[in-house]
Amino acid sequence: MYYRGVDMISIRLSKDLESKIDKLSKQENTTKSDIIKEALEKYIAEEEYKMKPYLLGKDLFGRYGSGKGDLSKRYKTKLKDKISEKISN
């Protein structure tokens with residue numbers, strides 16, 4: 001049977017893993033292919049989640065900050081003050 005837009009691949013499984021998948025497919029009343037596809041989709045989703053740069057550093061952001069939330073806003077003012085100070089000296 002040919003399914004349009006669906007590729008078929010082959011994998012080698014240990015007897016133990018194949019037995020577990022077979023048993024699960026009977027319990028869940030589904031196919032072994034569906035179990036393997038769902039497992040791969042979950043694995044890929046988890047790996048993609050791990051790779052997002054924000055998520056990798058999320059627990060570090062703001063951890064070592066100065067506590068001053070307006071530093072970027074005050075940058076121009078501080079720079080102008082320093083230049084004025086140098087010019088006046």
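**Figure 1. Salt bridge between K37 and D34 in helix 2 of the predicted model.** The side chains of K37 and D34 form a salt bridge with an N-to-O distance of 3.4 Å, a salt bridge being a side-chain nitrogen of Lys or Arg within 4 Å of a carboxyl oxygen of Asp or Glu. Both residues belong to helix 2 (residues 32–51), where K37 and D34 are three residues apart, about one turn of the helix. Helices (H or I, at least four residues) and strands (E, at least two) are DSSP runs numbered from the N terminus. An α-helix has 3.6 residues a turn, so residues three or four places apart point the same way. K37 is partly exposed at 46% relative accessibility, and D34 is likewise partly exposed at 35%. The terms for accessibility are defined by relative accessible area: buried is under 20%, exposed is over 50%, and partly exposed lies in between (1.4 Å probe, protein chains only).

The structure is a predicted model in which local features need pLDDT of at least 70 and side-chain atom pairs count only at pLDDT 80 or more, whereas totals for chains, interfaces and linings use all residues. Residues are numbered from 1 along each chain as its sequence is written, and side-chain values use heavy atoms, with hydrogens and water left out.

**Figure 2. Salt bridge between K42 and E38 in helix 2.** An N-to-O distance of 3.3 Å joins the side chains of K42 and E38 in a salt bridge. K42 and E38 are four residues apart in helix 2, a separation of about one helical turn. E38 is partly exposed, with 44% relative accessibility.

**Figure 3. Salt bridge between K20 and D16 in helix 1.** In this pair, the closest N and O atoms of K20 and D16 are 3.4 Å apart. The two residues are four residues apart in helix 1 (residues 15–28), or about one helical turn. K20 is exposed at a relative accessible area of 51%, while D16 is partly exposed at 49%. In total, the structure holds four salt bridges.

**Figure 4. Packing of helix 1 against helix 2.** The axes of helix 1 and helix 2 are 9 Å apart and meet at an angle of about 110°. Helix 1 is therefore roughly perpendicular to helix 2, a label that covers 65 to 115 degrees, with angles under 35 roughly parallel, over 145 roughly antiparallel and the rest oblique. Axes are lines fitted to C-alpha atoms, for helices over the stretch in contact, and angles run from 0 to 180 degrees between N-to-C directions. Helix 1 contributes E18, I21, D22, L24 and S25 to the contact, and helix 2 contributes K32, I35 and I36; contact means heavy atoms within 4.5 Å. By class, the contact has four nonpolar, one polar and three charged residues. Here Ala, Val, Leu, Ile, Met, Phe, Trp, Tyr, Cys and Pro count as nonpolar, Asp, Glu, Lys and Arg as charged, and the others, Gly among them, as polar.

Figure 5. S25 lies in helix 1 and is buried, at 7% relative accessibility. Apart from neighbours within four places in sequence, S25 is in contact with T30, T31, K32 and I35. Just after helix 1, N29 adopts a positive phi of about 55°. Of the 89 residues of the chain, 4% count as buried.
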